[in-house]
Amino acid sequence: MKKISSSISRFFCKPVPFQTLGAFRIAIGVFAFVQLLILLPDWMWLYGPQGLIPWEISDALATRHTPGLSLVASMLATIGLTSNQTIYVVTAIYFLSLIGLILGYKSQLMGGIAWISHLLLNSTGHFTAYGVETFAHIGLFYCMVLPVGVSFSCDNRLKPATVAPYLVTLSVRIIQLHLCIMYFASGLEKAMGTQWWNGNAIWIAMQQDQFHRVNIDWMASVPLVPKILCLGTLLLETVYPLGILWSKTRKFWLVGILMMHLGIALFLGLQLFGGLMFLFNLSIFGEYCFPGVFSKWKKAANEQSSGTRGLPLGYA
């Protein structure tokens with residue numbers, strides 16, 4: 001029990017490199033910016049008042065009581081803006097906030113504006129949204145509430161300030177534990193069915209038209225392959241909290257989960273989802289699993305352990 005208690009204490013109290021939060025902010029900001037550019041040609045079809053799903057229908061069928069573009073449009077109509085112009089305004093604000101977030105200029109404010117803009121867009125286009133929107137929204141929320149501007153940011157360059165090491169540690173641990181809970185819940189839910197135990201889940205997914213990127217007909221004669229892939233996914237996700245936090249397995253687990261999401265991106269055509277989860281894990285667990293890979297990060301960690309109450313952000 002003393003050993004367990006000591007490990008928990010080290011996990012929550014040991015200073016971590018504050019560059020981790022800076023890397024996380026940039027990863028989320030760059031992903032959201034790239035996603036915006038990819039979707040921009042079909043933007044009005046996804047979120048427009050007369051798009052694939054008109055606002056009247058999406059608002060009537062919405063189950064979440066969250067504000068959408070129609071509410072903003074009704075407010076801006078008082079100053080003469082049309083519904084289409086409202087979308088242009090919200091999109092421009094979202095675009096600029098993501099640039100500010102990536103550069104780290106007023107990081108938390110930019111994160112908050114990006115989070116609200118993302119909420120408005122996806123409350124309206126919730127029928128076309130899937131898991132990638134959820135995790136992008138989570139990432140933007142953390143950029144809004146956590147001190148992600150402590151490193152690699154204009155905030156740090158323009159006006160160095162101080163930050164308590166325990167706040168950086170707590171912020172990183174919150175995101176890490178969130179990922180642990182998420183993967184465990186996902187793996188547990190998969191394990192409740194039979195398709196992930198007999199290999200059918202991989203087979204069915206890769207045979208669907210929207211996911212059919214690679215010919216896997218040969219797997220019908222080698223059923224052991226999809227079964228191994230399914231069992232490997234169950235293992236990686238269900239045991240993720242233990243595997244990623246235990247010092248003896250964390251490196252292998254991070255590599256395994258990164259390879260899993262790379263496979264999702266390549267073989268299922270879910271490049272955005274696979275890329276986001278790849279960046280999520282790499283940015284927040286990279287230094288934790290591979291300490292010393294970035295010498296600058298290691299130096300920052302040693303400086304934090306000097307016992308001072310706060311650190312100049314200019315060290316970043």
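Which residues does Asn 281 touch, not counting residues up to four places away in sequence? In this predicted model, local features need pLDDT of at least 70 and side-chain atom pairs count only at pLDDT 80 or more, while totals for chains, interfaces and linings use all residues. Residues are numbered from 1 along each chain as its sequence is written, and side-chain values use heavy atoms, with hydrogens and water left out.

Asn 281 touches Leu 179, Tyr 183, Tyr 240, Leu 254, Ile 257, Leu 258, His 261 and Gly 286, with residues up to four places away in sequence not counted. Contact here means heavy atoms within 4.5 Å. Asn 281 has its place in helix H16 (residues 271-289). Helices are DSSP runs of H or I with at least four residues, strands are DSSP runs of E with at least two, and both are numbered from the N terminus. The relative accessible area of Asn 281 is 0%, so this residue is buried. Buried means under 20% relative accessible area, exposed means over 50%, and partly exposed lies in between (1.4 Å probe, protein chains only). The side chains of Asn 281 and Tyr 240 are joined by a polar contact of 2.6 Å. A polar contact is a pair of N or O atoms within 3.5 Å; within protein, one must be able to donate a hydrogen and the other to accept it, and residues adjacent in sequence count only if both atoms are side-chain atoms.

Helix H16 also packs against helix H8. Two packed helices are described by the angle between their axes and the distance between the axes. For H8 and H16 the angle is about 30°, and the axes are 9 Å apart. H8 is therefore roughly parallel to H16. Angles under 35 degrees count as roughly parallel, over 145 as roughly antiparallel, 65 to 115 as roughly perpendicular and the rest as oblique. Axes are lines fitted to C-alpha atoms, for helices over the stretch in contact, and angles run from 0 to 180 degrees between N-to-C directions. H8 and H16 cross in a left-handed sense. A crossing is left-handed if the near helix is turned anticlockwise from the far one by less than a right angle, and right-handed if clockwise. On the H8 side, Gly 131, Val 132, Phe 135, Ala 136, Ile 138 and Gly 139 take part; they meet Leu 272, Phe 273, Leu 276, Met 277 and Phe 280 of H16. The contact of H8 with H16 has nine nonpolar, two polar and no charged residues. Ala, Val, Leu, Ile, Met, Phe, Trp, Tyr, Cys and Pro count as nonpolar, Asp, Glu, Lys and Arg as charged, and the others, Gly among them, as polar.

H8 (residues 131-145) also packs with helix H10 (residues 165-191), at an angle of about 160° and with the axes 12 Å apart. H8 and H10 are therefore roughly antiparallel to each other. Their crossing is right-handed. H8 contributes Phe 135, Ile 138 and Tyr 142, and H10 contributes Ile 174, Ile 175, His 178 and Met 182. Six residues of the contact of H8 with H10 are nonpolar, one is polar and none is charged.

A further partner of H8 is helix H2 (residues 19-39), packed at an angle of about 135° with the axes 10 Å apart. H2 and H8 are therefore oblique to each other. The crossing of H2 and H8 is left-handed. From H2, the contact draws on Phe 24, Arg 25, Ile 28, Phe 31 and Gln 35; from H8, on Val 132, Glu 133, Ala 136, Gly 139, Leu 140, Tyr 142 and Cys 143. By class, the contact of H2 with H8 comprises eight nonpolar, two polar and two charged residues.

Ile 202 lies in helix H12 (residues 200-207). Its relative accessibility is 16%, so Ile 202 counts as buried. Ile 202 touches Trp 196, Pro 226, Leu 229 and Cys 230, not counting residues up to four places away in sequence. The C-alpha atoms of Ile 202 and Leu 268 are separated by 10.0 Å, with the two residues 66 residues apart along the chain.

Thr 78 sits in the loop between helix H5 (69-76) and helix H6 (83-103). Thr 78 counts as exposed, at 68% relative accessibility. The side chain of Thr 78 reaches the backbone oxygen of Met 75 at 2.6 Å. Lys 106 lies in the loop between H6 and helix H7 (107-124). Lys 106 is not a glycine, yet has a positive phi of about 50°. With a relative accessible area of 43%, Lys 106 is partly exposed. Phe 152 is found in the loop between H8 and helix H9 (154-158). Phi of Phe 152 is positive, near 50°, in a residue other than glycine. Phe 152 counts as partly exposed, at 32% relative accessibility.
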